[in-house]
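Here are my notes for a first look at this entry. Please read them with the structure open.

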Amino acid sequence: MEEMVLDVPVQPPTELFLPVPKRFLEEAYRSDDYLVLVGPQHPGSGHMRIVLRIKGDVIVEAIPDPGYVHRSMEKLAENRLYIQNIPLFERPAIMDTGNVTLGYVRAIEKALDVEVPERAKYIRTILAELSRIGTHLYDAGILAVFLGHTTGFMWPFALREPIVEAMTKISGARITSSFVIPGGVRRDVPWSVLEFVRKTTFVLEKRLKSFEKIFIKNPTVIDRLKGVGILSREDAIKFGVVGPFLRASGVEYDVRVVEPYEAYDEVNWEVPVSDDGDSYSRFLVRVEEIAQSISIVRQAVNELRRIPEGRVISEDILHEYASVASTDIRGYFFKVFGDLTLPKGEFTSLTEASRGTLLYSLLSDGESNVPYRARVITPGWYYLKGFMEALRGERLADLQGIYGSFGYFPPEADR
Amino acid sequence: MNGIDAYREAVGTLMEILSMDHFTSNMVSIPLIQPIIDFLLQVPVVGYIVALVLWKPMFALLIFPGLITLLTVLLFIIWFERKLTARIQWRKGPVEVLRWAGGIIQALADGMRYFFQEVIVHRDAHRPYFLQFPILIFIPVLLPLLFIPAGSIVGVKTPYSLAIAVAIVSLIPVFIIGIGWASNSRFAYIGTVREGFMYFAYEIPFILAVISMILLYGTADMVEIVEKQSVPGIFLNPVAAFVFFVTTVMATSRLPFEIPEADQEIAFGPFVEYSGIMFGLVMTIAYEKMYILSLLMAVLFFGGGNGPTIPLLGDLNGVVWLFVKTIAIMMVLSFLRSIYARFRLDQALRMSWSTLMKISMVSLAIGIVANLAFYGLGA
């Protein structure tokens with residue numbers, strides 16, 4: 001067969017692109033270190049690249065190269081109505097829908113000074129905690145598969161299924177529910193669904209016991225995670241680590257306690273803290289948080305029994321539609337939120353998302369129905385530095401263990 | 001004239017060796033299908049082929065424990081491992097290929113897919129070695145099968161069969177290191193170094209366990225070893241059996257010691273650059289090694305082909321029992337995958353150079369004591 005020659009005027013690149021300074025490369029070469037580029041097409045890197053400088057088997061330096069899933073959410077948000085930004089900001093961490101939308105909506109509510117009905121507060125709390133359980137399970141699964149434990153990967157994903165089912169019954173969507181809207185939630189949740197949610201928590205608790213046997217208390221898992229990737233209390237604060245990872249280093253900081261929002265100051269729960277700061281304690285703190293979330297969900301369902309069904313959207317935002325739309329926004333959505341305009345100023349909200357503190361900052365010029373500037377800082381972006389510092393001095397094989405223990409999720413960090 | 005005489009003699013010997021009588025004199029007898037065999041032996045060409053295949057060394061080479069069983073076991077154990085893992089993990093596993101049999105030929109389908117995929121040899125690879133080693137590795141993988149006895153069926157009977165088999169099995173990692181070297185990639189390099197470290201770490205306890213069993217039985221001939229096991233070896237020296245089992249797990253890089261091929265860490269290590277049928281070949285190495293080591297384990301510790309005799313099977317008795325025992329061992333090895341996470345290299349090395357080494361020393365001591373007790377100082 002005759003070979004075909006394509007006359008393409010494009011030359012393939014002759015020099016390799018390297019995401020690190022040339023000086024760094026030369027230094028590594030001179031000091032006889034080994035440079036390993038993990039990712040972005042690597043089974044254990046996620047959508048990012050980590051440039052590792054290795055001496056023997058020990059990581060001397062780790063340089064992250066994030067941004068492979070950057071979707072310019074902040075810029076996109078400037079061209080959308082306030083209400084259209086809810087599903088947009090849901091995208092960074094779709095399994096954490098309850099928390100990420102809540103943060104954005106609370107920033108709007110702060111600007112409009114809206115008081116949310118009590119029933120909506122509890123429903124939001126339930127949604128947020130269900131998302132938290134789901135995300136923690138998701139990350140536990142990723143951690144397990146990073147350690148080569150495939151059963152520990154499959155079980156949490158199966159365990160997420162009842163949660164996803166509960167979310168479906170509440171909102172109609174399995175994952176991306178966008179259920180939280182300014183002034184409350186989209187519609188009231190009937191008693192039968194709340195009962196289902198309550199029963200789901202018992203199912204979860206039972207199944208988690210078997211997960212504990214096969215993965216959490218597994219001797220090989222403990223060997224791999226204990227004493228690995230230690231972040232001391234001082235380091236964790238210095239590098240700006242947030243959420244469960246900060247608490248695993250012994251800092252008792254949780255936005256839900258420090259600045260309680262929704263119904264968090266009306267339910268009883270504890271902040272799990274560990275002093276070790278290693279990968280295993282980071283994992284255990286999240287496991288313990290699942291138990292706390294289950295308890296919060298149950299209490300919230302019990303509280304909802306007390307509050308009469310009906311009003312879930314605030315009159316402050318409904319105005320003339322208050323009589324028809326306060327239990328269900330369907331049919332009035334665009335009428336109510338179409339030209340939602342925020343007063344002039346900057347409005348910031350802090351939320352405790354599953355992986356840590358989530359910051360939304362909305363800058364409004366006071367006359368347009370789109371934000372002048374929206375700032376989102378996701379927990380992943382906050383603790384990326386801490387994650388890289390935790391890698392220093394550990395072995396190459398521990399990269400995945402530490403990665404999984406942080407539950408670093410590039411789509412969330414890159415936004 | 002002398003030359004011609006020698007030539008005639010050689011031809012005569014050759015003809016004698018190749019004659020049907022020579023094959024039928026040492027044939028596998030199976031009373032169950034004896035009438036069929038008798039009939040087939042009467043048919044001119046077919047008879048010769050049947051006699052050749054049923055000739056015991058050829059039977060060992062081609063059917064059991066050789067080629068056909070090896071392929072069947074590969075097909076089965078990959079399917080079984082996936083099915084078992086799926087069962088534990090609340091999934092279904094392979095079902096779509098041959099639905100009524102539960103997807104049992106999934107591995108065959110994957111193999112065919114590999115076969116029609118492009119084999120990419122990247123620019124930096126050492127091309128000849130990169131393509132040769134995955135094929136050459138079948139030499140140390142297939143050769144030990146000749147020495148493993150299934151009842152009276154054995155390819156090569158020699159007093160050193162166990163030593164030879166273990167020596168050849170020890171060659172497999174050398175080829176894997178060659179594969180990693182020829183791949184010339186960063187992850188392959190790391191994986192190769194890991195393979196080298198693991199090789200030294202498990203090989204010494206492994207050989208010590210085998211030596212303790214040789215001392216215990218007083219011979220390295222596997223046929224005799226099987227004959228001597230009125231009590232299975234695992235009861236005579238459970239410590240050696242334990243060491244052998246753990247080192248088998250290490251040698252076949254199964255979890256929790258799947259360190260050289262850790263796919264989440266170094267993307268299958270030495271095999272990272274392979275594609276197409278070459279990838280298919282290198283990925284079956286571990287399973288083939290597992291098959292051989294399971295056979296050795298069955299012979300050393302579970303009485304090989306010994307078992308209740310079924311008269312109808314004749315010589316196949318040993319075959320059936322050895323097969324059942326081997327598959328049972330392989331099933332246990334498959335089970336490990338779904339309950340353990342992967343150890344780190346340094347942890348595995350520490351474990352094998354300290355704990356496992358001590359235990360293997362104990363097994364060696366048991367072997368020496370048993371040797372002195374059974375055969376006295378004179379032996």
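1. Start with strand β7 (residues 356-364) of chain A. β7(A) pairs with β8(A) in the antiparallel sense, over five bridges. One facing pair to find is A:Leu363, opposite A:Arg373 in β8(A). Keep in mind that this is a predicted model.

2. Now take in the whole sheet. It is open, has three strands in the order β6-β7-β8 (chain A), and pairs antiparallel. Which strands stand at the edges? They are β6 (345-353) and β8 (373-377) of chain A; each has a single partner strand, so one side of each has no neighbour in the sheet. On average, neighbouring strands are turned by 10° against each other, direction ignored.

3. Two helices pack on this sheet. Helix α4 (residues 97-112) of chain A touches β6 and β7 of chain A, and its direction makes about 150° with that of β6(A). Helix α16 (residues 379-391) of chain A touches β6, β7 and β8 of chain A, at about 125° to the direction of β7(A).

4. Another open sheet of three strands runs β1-β2-β3 (chain A), again with antiparallel pairing. β1 (34-38) and β3 (58-65) of chain A are its edges: each has a single partner strand, so one side of each is left without a neighbour in the sheet. Its neighbouring strands are turned by 20° on average, direction ignored.

5. Within that sheet, seven bridges join β2 (residues 49-55) of chain A to β3(A). There, A:Arg53 stands opposite A:Glu61 in β3(A).

6. Last, the chain contact. Chain B gives 25 residues and chain A gives 26 residues. On the chain B side, α6 (67-88), α12 (186-217), α16 (263-266) and α19 (345-375) of chain B each give two or more residues. That side has 12 nonpolar, five polar and eight charged residues.

Notes. Residues numbered from 1 in each chain as written. Chains lettered and ligands numbered in written order. Predicted model: local features only at pLDDT ≥ 70, side-chain atom pairs only at ≥ 80, totals over all residues. Contact = placed C-beta atoms within 7 Å. Helix = DSSP H or I, 4+ residues; strand = E, 2+ residues; numbered from the N terminus. Nonpolar A, V, L, I, M, F, W, Y, C, P; charged D, E, K, R; others polar. Pairing = 2+ DSSP bridges. Axes fitted to C-alpha atoms, helices over the stretch in contact; angles between N-to-C directions.
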